[in-house]
Amino acid sequence: MDSSQGTWYVLRPLLAALFTDDAQRTIFLTRLEERFVSLTDLLLGLYGDRADFAEQFEQILMTAAYAFIARPAVMHALDASRDPRWFQNERMVGGVCYVDLYAGNLKGIRERIAYFQELGLTYLHLMPLFRSPSPQNDGGYAISSFRAVRPQLGTMEELTKLATELRVHGISLVLDMVMNHTSDEHEWAIHAKEGDSDYQGYYLMFPDDTLPKRYEQNLREIFPEQAPGNFTYVPELQRWVWTTFHRYQWDLNYANPAVFNVMLGEMLFLANHGVEVLRLDAVPFLWKELGTNCENLPQAHALVAALNLLIQVAAPATIFKAEAIVHPDEIVKYIGQECAISYNPLLMVLMWEALASGWTHLLQHSMTKRFNIPANAAWVNYIRSHDDIGWGFANEDCAEVGIDGGIHRIFLNRFYTGQVEGSFAVGLPFGYHPRTGDMRICGTTASLAGLEQALQRGDAYAIDLSIRRILAMMAVILTVGGIPLLYLGDEVGTLNDYSYQHDESKSADNRWVHRPFAHEQALAQRHDPTSVAGRIFGNLQRMIAIRKSYPIFAAYNPTNWLNSNNTHTVLFARHQGQQALYVALNFSAYPQSLDLRQFIRSEHVTDLLTETTYKRDEPLTLPPYEMVWLHSIGPTSES
Ligand code: GLC
């Protein structure tokens, strides 16, 4: 009998005694037993050197058991009936928005369900909506309670009802699990400030700045302009507190198993209230170790893997989504065992890179090399988010195609802030770091893709090109393997909103330029194909409908990135059995020809977008930023 088996025999009866319902007891214990050895190993690795390990382990399992018992019947039913591949379905299409900016409050979101359905959404990420300090709260990412909705937006009860109503309409609710930190107004932080040593142990505190200075030698600064440094002196405590992001966001101390336990409780609370995807915010930063950059450490991975096992026991309809905006080699390590889905920032930045340069060789090369992830996982493919765009491609990938990554980043930053002759973009600089020269970019999809500038100039051709750029990026995320995620507002071409500059709570943070209010006028024009909003919305809606009616688009069907021999085009294929789909896009402002004979074997292919049939040996010419989605049935040469 190994030690974890021994522990199981001790813990099993304790857990079993918590249940009054026999069927529920069996389900819980069966799921736990299946994962018990892995879970024990992970937790031993994290906390095994503590004298109170057995007690802490028991507490953690109790938290999972109590949450399971409290789980509503409808959620248990979802756990039991859910296809394990549900998030990989071709019907998955995501949208993300701020509750207040897009719809006023939770009631407003409810009223927009019909609209979400009209667009075709099945996944809705509502940006942080829990209580947070005012006026500064990092767009809600400083959380004062994981269990109370900000009163201006609604109540927890309304949120639960909304989750149910969304589910009834085929839409999964996605919320952030801001797990790296709490706000300094969270009750744990308040107790800590009052001198409670248990709660002080929830955070990382130092009596003087000796250790912080040593840590600091290897740490990045995430917001070098607004929040330089990673530590904040808190006068009430007369201590330095670890604050990776802003001074009011206190990093949690996961080396303390009590923190693991309470955060598990908070996650399961949300899962029990109907949240189906938990977006694990800032996941690389969870574990700190002197002498390292305190990002992506093995313990951070172990933490997420252990939490995921416990979620699979207590609320398996729920999945984790990784937010790891780090080097591509590191991102993939969160996918699979730890998180079922993950943002794909590499595809996002490389699409913008390709549009700026007019060349697709870096995009094609990096995607060929890095797109494949475990078959039980999926990328979340997006064009932009509520955050800035940072050029997180790998320097080694650049070198492999003859590009100097550092110089290329300077070009891209200049391009997207309009400092390059011929640039179509209107973006703002973000996070300039004088020591490293690093900089990132803010702007809405439409403004970065040229619409703002074109409308200002009243240039019909430039307007047309900008719309095609937007649609080309939308087409990529809708056809490549994964869940496409749209930042809502982009579907009607919403431009940058400069009003944040007059709002004291926002003016220091340029990211607000691309977090505009819903553009009601544009939304009203969405059915008018002669309007800009109507062109984007209409085409997007049609592409979504096509995606949803062809199972070949499901994330579990492979994506093969192909070398088209034309370095201004993007080309990849999807496969399902004998079927293949070739997506070819021109990412340049000039017509491009393509020869797909080497890939396509069947005599004819049909473009799903136009229903035009092409002969296999017909040369293909794509106008600027145009595309084809060629469907063929029969053997292919590259599969
Ligand atoms: C994530 C969020 C970002 C926030 C940060 C700190 O990266 O996307 O908006 O500022 O975490 O919570």
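This is a predicted model: local features need pLDDT of at least 70, side-chain atom pairs count only at pLDDT 80 or more; totals for chains, interfaces and linings use all residues.
Let me start with two helices. Helix 2, residues 22–47, and helix 13, residues 298–314, have axes that come within 9 Å and cross at roughly 165 degrees. Angles over 145 degrees count as roughly antiparallel, so helix 2 and helix 13 are roughly antiparallel to each other. Their crossing is left-handed.

Which residues of helix 2 and helix 13 make the contact? On the helix 2 side they are F28, R31, L32, R35, S38, L39, L42, L43, L46 and Y47. On the helix 13 side they are Q299, A302, L303, A305, A306, L309, L310, Q312 and V313. Sorted by class, this contact has 14 nonpolar, 3 polar and 2 charged residues.

N296 is in the loop between strand 9, residues 277–280, and helix 13. Its phi is near 60 degrees, which is a positive value in a residue other than glycine. Most residues other than glycine have a negative phi.

Next, the barrel. In what order do the 8 strands close into a barrel? The order is 1-2-3-9-10-11-12-15, and the pairing is parallel. From one strand to the next, the twist averages 25 degrees. As an example of a pair, take strand 11, residues 341–343, and strand 12, residues 378–382: they pair in the parallel sense over 3 bridges. Within that pair, Y343 stands opposite V380 of strand 12. Helix 8, residues 156–168, packs on the sheet and touches strand 2 (123–126) and strand 3 (172–177). The direction of helix 8 makes about 140 degrees with that of strand 3.

Stay with the loop that leads from strand 2 to helix 8. P135 has its place in this loop. The peptide bond from S134 to P135 is cis, with omega near 0 degrees. Most peptide bonds are trans.

Now the aromatic residues. How many aromatic pairs does the structure hold? The count is 36. One of them is F146 with W188, a tilted pair with 6.2 Å centre to centre and 40 degrees between the planes. F146 lies in the loop between strand 2 and helix 8, while W188 lies in helix 9, residues 187–193, so the pair ties together parts that are 42 residues apart in sequence.

Strand 6 and strand 7, residues 239–242, run antiparallel and are joined by 4 bridges. Which residues of strand 7 are the bridge partners of T232 and Y233? For T232 the partner is V241, and for Y233 the partner is W240. In a regular strand, side chains alternate between the two faces of the sheet. Strand 6 and strand 7 form a hairpin with 4 residues between them. In the turn, Q238 has a positive phi of about 55 degrees.

Last, helix 15, residues 345–357, and two of the helices it meets. With helix 21, residues 460–479, the axes come within 11 Å and cross at roughly 150 degrees. Helix 15 and helix 21 are therefore roughly antiparallel, and the crossing is right-handed. In this contact L347, M351, W352 and L355 of helix 15 meet R469, M473, V476 and I477 of helix 21. By class, these residues are 7 nonpolar, no polar and 1 charged.

Is helix 15 parallel or perpendicular to helix 18? Helix 18 covers residues 405–416; the axes of helix 15 and helix 18 come within 10 Å and cross at roughly 75 degrees. The range from 65 to 115 degrees counts as roughly perpendicular, and therefore helix 15 and helix 18 are roughly perpendicular to each other. Here W352, E353, L355, A356 and S357 of helix 15 meet H408, F411, L412, F415 and Y416 of helix 18. The classes in this contact are 7 nonpolar, 2 polar and 1 charged. W352 and L355 are listed both in the contact with helix 21 and in the contact with helix 18.

Note on methods
Residues are numbered from 1 along each chain as its sequence is written. Side-chain values use heavy atoms; hydrogens and water are left out. Axes are lines fitted to C-alpha atoms, for helices over the stretch in contact, and angles run from 0 to 180 degrees between N-to-C directions. Angles under 35 degrees count as roughly parallel, over 145 as roughly antiparallel, 65 to 115 as roughly perpendicular and the rest as oblique. A crossing is left-handed if the near helix is turned anticlockwise from the far one by less than a right angle, and right-handed if clockwise. Contact means heavy atoms within 4.5 Å. Ala, Val, Leu, Ile, Met, Phe, Trp, Tyr, Cys and Pro count as nonpolar, Asp, Glu, Lys and Arg as charged, and the others, Gly among them, as polar. Two strands pair if DSSP finds at least two bridges between them. Rings of Phe, Tyr and Trp (its six-membered ring) pair if their centres lie within 6.5 Å; planes under 30 degrees apart count as stacked, over 60 as edge-to-face and the rest as tilted.
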